[in-house]
Amino acid sequence: DLSVMEGAQSILPKILALQTELSLHNIYHGMQSFIDSIARFQAFGFEVIDFVTVNRDMDELCALEMDCIMARKPAWQHASDSSSAR
């Protein structure tokens with residue numbers, strides 16, 4: 001997903017929100033940690049708004065992969081401004 005973001009530089013300002021799958025444990029060789037991935041998305045102007053478990057290891061009682069929902073913070077501020085005006 002990060003390589004897609006790198007290649008989408010010309011349209012990135014038009015993207016208000018995204019969903020990406022993050023692994024909490026390095027299950028593939030050479031993959032970035034979820035912390036590094038979130039930091040890269042934040043550098044593009046996105047902030048985490050939710051996590052949803054995709055895969056879990058029931059024997060170890062831990063989540064393996066999560067869908068990470070992210071949005072641009074200014075979009076939140078405009079939404080909260082209009083809801084508080086009601």
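Predicted model: local features only at pLDDT ≥ 70, side-chain atom pairs only at ≥ 80, totals over all residues.
A residue is called buried here when its relative accessible area is under 20%, and exposed when that area is over 50%, with partly exposed residues in between.

**Helix 2 and its surroundings**

In helix 2, which spans residues 34–43, the buried residues are Ser 37, Ile 38 and Phe 41. Viewed down the axis of helix 2, these buried residues fall within an arc of 95°, so they line one face of the helix. An α-helix has 3.6 residues a turn, so residues three or four places apart point the same way. The face of helix 2 that is turned away from the buried side carries the exposed residues Ile 35 and Ala 43. The cover over the buried residues of helix 2 includes helix 1 (2–7), strand 1 (17–23), strand 2 (46–57) and strand 3 (62–72). After helix 2 comes Gly 45, whose phi is positive, near 100°.

**Overall arrangement**

The protein has 3 helices and 3 strands, and from the N terminus on its elements run in the order α-β-α-β-β-α. Of the 86 residues in the protein, 24% are buried. The accessible surface comes to about 6000 Å², and carbon and sulfur atoms account for 54% of that surface. Among contacts between residues at least 6 apart in sequence, 59% join residues at least 24 apart.

**Strand pairing**

Strand 3 pairs with strand 1 and with strand 2, as the table sets out.

| Strand pair | Bridges and direction | A bridge partner in strand 3 |
|---|---|---|
| Strand 1 and strand 3 | 7 bridges, antiparallel | Glu 65, for Ser 23 |
| Strand 2 and strand 3 | 10 bridges, antiparallel | Met 70, for Val 48 |

Strand 3 is mostly covered, with 8 of its 11 residues buried. The hairpin of strand 2 and strand 3 has 4 residues between the strands, and in this hairpin Leu 61 takes a positive phi near 55°.

In soluble globular proteins, nonpolar side chains tend to be buried together. In this model, the largest nonpolar core has 11 residues, namely Leu 2, Met 5, Leu 12, Leu 18, Leu 22, Ile 38, Phe 41, Phe 44, Phe 46, Cys 68 and Met 70. The elements that give two or more residues to this core are helix 1, strand 1, helix 2 and strand 3. When residues up to four places away in sequence are not counted, Cys 68 touches Leu 18, Gln 19, Thr 20, Leu 22, Val 48, Asp 50 and Phe 51.

Leaving aside neighbours within four places in sequence, Thr 20 is in contact with Asp 1, Phe 41, Met 66, Asp 67 and Cys 68.

**The salt bridge**

A search of the whole structure finds 1 salt bridge. In this salt bridge Arg 40 is paired with Glu 6, and the closest N and O atoms are 2.4 Å apart. The pair links distant parts of the chain, since Arg 40 lies in helix 2 and Glu 6 in helix 1, 34 residues apart. Arg 40 has a relative accessibility of 31% and so counts as partly exposed, and Glu 6, at 40% relative accessibility, also counts as partly exposed.

Key
Residues numbered from 1 in each chain as written. Heavy atoms only, no water. Buried < 20%, exposed > 50% of the residue type's maximum accessible area, 1.4 Å probe, protein only. Arc of directions from axis to C-beta. Contact = heavy atoms within 4.5 Å. Pairing = 2+ DSSP bridges. Core = buried A, V, L, I, M, F, W, Y, C linked by side-chain atoms within 4.5 Å. Areas by Shrake-Rupley, 256 points an atom, 1.4 Å probe, with all protein chains shown as cover. Salt bridge = Lys/Arg side-chain N within 4 Å of Asp/Glu carboxyl O.
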